[in-house]
Structures are given as C-alpha cells and as structure tokens.
Amino acid sequence: MDEVVVERVLRIVELVPEGRVVAYGTVGLVASCSARYVGRVMKEFGSNVTWWRVVNAAGVLPEALLPTAREHWEHESTAHTHEKVSKSAFVDIDDLEELWRTHGIDPACS
C-alpha cells in the first residue's frame, strides 16, 4: 500500500467530527483513492483512529464491528438505529473537503 495515501486516509478519518460519520467513498474522493482502498486501509491500519466514523453508503459496518461501534455512537450521540447510522449523521463531500483543506493539509501527504 502507498504510505502517503494510507496516511492521508487516516488523517481524513480523524477529521470527521464527533457524532458524525462519513462513507468510505467520500473519504476516497478526498484522499484520491477508491472506496475499496479506504476499506483496506481501515481494516489494516484503522484500529488507532476513529474507525466507527467510517461506514458504507448505507450507514452500515461489518457485523463484527457493530457492538463496539454502537457504544461509540451512543457516547458521541451519533444518530443511529440498532443496525446502522442515520443519513442525518453523514458528513458530505463538501464539508469533508473543507475540513481537509483547513485542518488536514500536510505537505508530505499532498
């Protein structure tokens, strides 16, 4: 995996505000990689970041992650049902790009 892209993905995930989530594809658009690549990064390196804030486009995480994710969602007041995050909790592409522009730029990762 490309270390620069991995670092970019992880830094973008860390910018997602508490109580909000983002889709893998949205992170990919901002990080200039695919949603699948974001998923691989999260699987391999995401345990040290706010992984519960990255979900698929339907607001769902893998079944094995849901119990722990629900605890985080409850603690952060993320709008969700038992199975998934509510659409109202999603950060859109424009907001995520703005967060990246204002808080996430690192010349080594650009």
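Ser-32 sits in the loop that links H2 and H3. Helices (H or I runs of at least four residues) and strands (E runs of at least two) are taken from DSSP and numbered from the N terminus. This is a predicted model, in which local features need pLDDT of at least 70, side-chain atom pairs count only at pLDDT 80 or more, and totals for chains, interfaces and linings use all residues. Residues are numbered from 1 along each chain as its sequence is written, and side-chain values use heavy atoms, with hydrogens and water left out.

Ser-32 counts as exposed because its relative accessibility is 61%. Here, buried means under 20% relative accessible area, exposed means over 50%, and partly exposed lies in between (1.4 Å probe, protein chains only).

Ser-77 also deserves a look: it has a positive phi of about 60° although it is not a glycine. You will find Ser-77 in the loop between H4 and H5, and with 64% relative accessibility it counts as exposed.

**The nonpolar core**

Now let us go inside. A nonpolar core is a set of buried Ala, Val, Leu, Ile, Met, Phe, Trp, Tyr and Cys residues joined through side-chain atoms within 4.5 Å. The largest one has 35 residues, and those with the most contacts inside it are Val-9, Val-38, Met-42, Leu-61, Trp-73 and Leu-96. At least two core residues come from each of helix H1 (3-15), strand S1 (22-23), helix H2 (24-31), helix H3 (35-45), strand S2 (54-55), helix H4 (66-75) and helix H5 (93-104). H1 gives the most, with seven residues.

Which residues does Leu-61 touch, not counting residues up to four places away in sequence? They are Tyr-24, Trp-51, Trp-52, Val-54, Val-55, Leu-66, Ala-69 and Trp-73. Contact means heavy atoms within 4.5 Å.

Val-55 is buried, since its relative accessibility is 0%. Leaving aside neighbours within four places in sequence, Val-55 is in contact with Val-21, Val-22, Ala-23, Tyr-24, Val-60, Leu-61, Trp-73, Val-85 and Phe-90.

**Loops that meet other parts of the chain**

Gly-19 is in the loop between H1 and S1, and it is buried, with a relative accessible area of 11%. Beyond neighbours within four places in sequence, Gly-19 is in contact with Glu-76, Ser-77, Thr-78 and Ala-89.

Arg-20 is likewise in the loop between H1 and S1. With a relative accessible area of 28%, Arg-20 is partly exposed. Arg-20 and Ala-89 are 69 residues apart along the chain, yet their C-alpha atoms are separated by 4.8 Å.

Thr-50 takes us to the loop between H3 and S2. Is Thr-50 buried or exposed? It is buried, as its relative accessible area is 10%. Apart from neighbours within four places in sequence, Thr-50 is in contact with Val-13 and Glu-14.

| Side chain | Backbone oxygen | Distance |
|---|---|---|
| Arg-20 | Phe-90 | 2.5 Å |
| Arg-20 | Ala-89 | 3.0 Å |
| Thr-50 | Val-13 | 3.4 Å |

**The largest pocket**

Finally, how big is the volume of the largest pocket? It is about 230 Å³. On a 1 Å grid over the protein atoms alone, a pocket is an open set of points with protein on both sides within 12 Å along at least five of seven lines, where a 1.4 Å probe fits; lining residues have an atom within 4 Å of a point. Grid points are joined across faces, edges and corners, and the volume is the space filled by probe spheres set on the points.

The lining consists of Tyr-24, Gly-39, Met-42, Lys-43, Gly-46, Ser-47, Trp-51, Val-54, Pro-62 and Leu-65. H3 supplies the largest share, three residues. By type, the lining has six nonpolar residues, three polar and one charged. In this count, Ala, Val, Leu, Ile, Met, Phe, Trp, Tyr, Cys and Pro are nonpolar, Asp, Glu, Lys and Arg are charged, and the others, Gly among them, are polar.

Conventions: A polar contact is a pair of N or O atoms within 3.5 Å; within protein, one must be able to donate a hydrogen and the other to accept it, and residues adjacent in sequence count only if both atoms are side-chain atoms.
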